[in-house]
Amino acid sequence: MKLSKAFWQTYKENPAEAEIPSHRLMLRAGLIHKSAAGIYNYLPFGYRVVRKIEQIVREEMDKTGAQELLMSVITPGELWQESGRWEVMGDEMLKFKDKSKRDLSISPTNEEAVVDIFRKTIKSYKSLPITLYQINTKFRDEIRPRFGLMRGREFTMKDAYSFHVDKPSLDLVYDGLFKAYEACFNRMGLEFIAVEADAGNMGSKDSKTHEFQVIADTGEDKIVYSASEGLAANIEKATTKRANLKPQLTKADCTEVATPNKKSIDEVSSFLKIEQQHSLKCLLFSSVKNNEEEIVLVVLLGDDEINEVKLKNYLGSSHLTMLADNKIESLGLLKGFIGPCGLPKNIKMLVEEHISEDAYYVTGANKLDTHLTGFNLKRDCQSAYEKVDLRMSQDGDLSPSGNSNITIRKGIEVGHIFQLGDKYTKAMSTTVLDQNGKAVYPLMGCYGIGITRIAAAAIEQHHDENGIIWPKAIAPFHLYLTFVGKDPEISTIAEKYYSEFAQKGYEVLFDDRNVGPGFKFKDSELLGLPLRIVFGERDFKERGEVEIFVRRTGEKIFVKESELIEKVKSLYESAL
């Protein structure tokens, strides 16, 4: 493509709204255009990237035997009502009514729609297993859309759904799609980690679940990682052991001490001159299960943080929230001074498993401006309690085996696969006949990839102060070719090679604009194509050389014209 004819505009200034590199660079490089909050138009160069990502995903999905279809973006509300998710999805799902007052939604996901297709088509185990996928638009009405394509409201996603008559079949297909996802991200040139994850509201408890995280400093997700033990898990799922734990084992009496207006762990520990790990943090939650509320007190070491996903899963809650201040007061408790002693009988108590029953701690006394010192859980707690792993893993923790330290890395979730079990087929009364002629609910797997999010994640991982550095497989073009100088012969030769490279299968962006070299080079580095080829008037006329600039390394290579084609081929086939 000749830039003089291209629909493309770059910008010098950073957009005020852009908080992270991918958002900033995609706007500046003319890849996307904001239409509304969390909604973007994909401009020609940006759309080329999206199409390349789609094609890689499509090819790897097809290799697994999955079959592509296209479901409607609008889904009837009756399907969501049938599955029980019409209310559960909340305000994130955009709902509306048509002229006949029928409920409709713009699909945030498609489990219900694909089950409806399946049950009207497949009747016997003989047709299973089967995997159906689509690459389509999704809409989730995020309360606070931000970070450009990273957390937008409208986005492109590949979602796939597999159906099985038994668990071994589901496991086999799941493992095959896991490998397909690895192949996708490897082909795209991304550094990623597949981590054990939580299925949330989508999957069934104890199902196989993995996230695929692109490693990036700006990632919102935290990954617990140990290379030596092959451990990789989302921090919400990870189980680790505390390192450098020094419980206070010297016997002490349980004594009330005045702590005037000292409510936080930091304030109390400083006031009493103790380490925070020698205090107990008490948090109250409202847990709703089967439409019944239960009040839960969670007791943690003072320097630990609660992992609400673990807590929710342990309780089997459909809804879990921190208890509101007025609700705490209605129980006769005082925020900032809550402790395990003298609790109302209707409160369930969970104690984090790293709290020692042989140690002595500082904790709230359930009295204003008062704490207890020398509190021993086994001796002084009158309430029944359960010991549970509920803490958030921390950098420097030990692996579950205790043999190595873990590190916390940041990642961007670009893929999520999980086993749904019969959650949706049962809810929607969908059965097939098994080998014995018995009606059974098929098991399902669900496999998502964020197509447009990958484009942003790739930039988060591959950029510098000058712009984007595209991995070659998803770059909008392979080569950036231009000329510098006023001699018309130079532009003529450059145009000849533009045609020659195109004939050899390269996608070439030919900057034939009548602008200065500085302008061209800044644009080329902002766009970030793998190689830049420059016919400079002085270099070419005086020495017969052409400059090749490698975007990833910043290396400039000068070659004779006769060597140009082969050198470009060699460089492009190397890891760019």
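Predicted model: local features only at pLDDT ≥ 70, side-chain atom pairs only at ≥ 80, totals over all residues.
Local features need pLDDT of at least 70 and side-chain atom pairs count only at pLDDT 80 or more, while totals for chains, interfaces and linings use all residues. Residues are numbered from 1 along each chain as its sequence is written, and side-chain values use heavy atoms, with hydrogens and water left out.

**Whole protein**

Start with everything shown as a cartoon. The C-alpha atoms fill a box of roughly 95 × 65 × 50 Å along the principal axes. There are 15 helices and 31 strands; these are DSSP runs numbered from the N terminus, helices being H or I of at least four residues and strands E of at least two. Of the 576 residues, 52% are buried (under 20% relative accessible area, with exposed over 50% and partly exposed in between; 1.4 Å probe, protein chains only).

**Tyr181 and Phe212**

Now turn to the aromatic rings. The whole structure has 17 aromatic pairs. Rings of Phe, Tyr and Trp (its six-membered ring) pair if their centres lie within 6.5 Å; planes under 30 degrees apart count as stacked, over 60 as edge-to-face and the rest as tilted. Select Tyr181 and Phe212: this pair is tilted, 5.2 Å centre to centre with 50 degrees between the planes. Tyr181 is in helix α5 (residues 167–187) and Phe212 in strand β10 (residues 209–215), so the pair ties together parts 31 residues apart in sequence. Tyr181 and Phe212 are both buried.

**Tyr498 and Phe510**

Next select Tyr498 and Phe510. Their ring centres are 5.1 Å apart and their planes lie at 25 degrees, so this pair is stacked. Helix α12 (residues 488–503) holds Tyr498 and strand β28 (residues 508–511) holds Phe510, so the parts tied together are 12 residues apart in sequence. Tyr498 counts as buried because its relative accessibility is 16%; Phe510, at 1%, counts as buried too.

**A ring cluster**

Select Tyr497, Phe501, Tyr506, Phe535, Phe540 and Tyr572 together. Ring pairs link these six residues into a cluster.

**Charges over rings**

The last stops are two charges over rings (NZ of Lys or CZ of Arg within 6 Å of the ring centre and within 35 degrees of the ring normal). Select Arg48 with Phe477: the arginine lies over the face of Phe477, 4.0 Å from the ring centre. Then select Lys95 and Trp86, where the charged end of Lys95 sits over the ring of Trp86 at 4.6 Å from its centre.
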